Amino acid sequence: MANIVWHTKLRMLLDLKQQNLGQDTIDDLWDFLYKTDRVLAQRNVPVSERELQCGGICRDAGVVAWMYLRQQANGRREAVHERKENEDRHKAPMSDEHKAYQERILRAAAEGGFHGDCEVRTPIGRSSFIQTDTLIEGEGGRRIGWEVQLSSADVNGPGSVKSRAAKAAKRGITPAWHTDRADYARRSDTQWTRSNNLPAHVIAKIGDLRVISGYRALDFWELAGLVQG
């Protein structure tokens with residue numbers, strides 16, 4: 001998905017995060033474009049003939065990437081790439097440090113006799129899902145979802161830490177986030193742990209990894225048949 005869309009006929013860059021898509025020449029622009037796109041979809045008009053292209057990363061790379069519009073039940077406006085390879089262009093590559101933390105979490109789980117996996121998708125509806133960096137399964141079906149956050153993380157909005165943690169918790173996944181940033185470990189939007197800023201080869205070493213701030217342990221208890229974390 002992308003927030004910036006190029007309309008080939010109107011010759012406009014449209015910003016889905018801005019009021020009226022950042023334009024002031026046409027009133028109710030989103031409603032007009034979204035309804036038009038839905039009508040064209042119902043008529044089986046190909047996405048490449050609906051006059052909407054990615055106006056951000058793909059356009060900057062010289063790639064023509066056709067898009068269609070979608071609106072979530074909560075009103076969130078989205079532009080979706082027709083082809084997965086264009087969608088993937090918007091995903092930041094995972095750092096070596098991020099990968100090392102994932103591998104370390106899996107190794108620690110295995111040493112404790114627990115199963116785990118990386119990049120696990122959990123459905124939250126017919127067409128939506130949440131993706132967990134590393135999901136560990138413990139006794140009694142208990143699941144802990146580790147998220148490694150070494151880059152900037154939103155405070156508010158549907159993609160924020162608080163929102164993502166709440167979605168995980170609603171699906172029986174206890175959120176646990178790890179970072180190397182001091183300001184994140186002091187936040188209360190989820191359970192944070194923090195280690196020093198370390199290179200990948202040090203993170204990957206066998207041995208203890210010092211937790212210097214944040215939550216040191218997660219306690220669980222059962223109340224009226226409901227597992228709390």
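## Sheet and cores in a predicted model

W6 stands opposite Q53 in β3; strands, like helices, are DSSP runs numbered from the N terminus (E, at least two residues, for strands; H or I, at least four, for helices). This is a predicted model, where local features need pLDDT of at least 70 and side-chain atom pairs count only at pLDDT 80 or more, while totals for chains, interfaces and linings use all residues. Residues are numbered from 1 along each chain as its sequence is written, and side-chain values use heavy atoms, with hydrogens and water left out.

Back to the strands. β1 (residues 4-7) pairs with β3 in the antiparallel sense over three bridges; pairing takes at least two DSSP bridges between two strands. The order of this open, three-stranded antiparallel sheet is β2-β1-β3. That puts β2 and β3 at the edges, each pairing on one side only. On average, neighbouring strands are turned by 35° against each other, direction ignored, using axes fitted to C-alpha atoms.

Now for the packing. A nonpolar core is a set of buried Ala, Val, Leu, Ile, Met, Phe, Trp, Tyr and Cys residues joined through side-chain atoms within 4.5 Å, with buried meaning under 20% relative accessible area (1.4 Å probe, protein chains only). The largest one has 16 residues, and V5 and L14 touch the most other members.

α1 gives the largest share, three residues. Apart from this core lies another, of eight residues, including Y101 and V148.

Note on methods:
Buried means under 20% relative accessible area, exposed over 50%, partly exposed in between (1.4 Å probe, protein chains only). Axes are lines fitted to C-alpha atoms, for helices over the stretch in contact, and angles run from 0 to 180 degrees between N-to-C directions.
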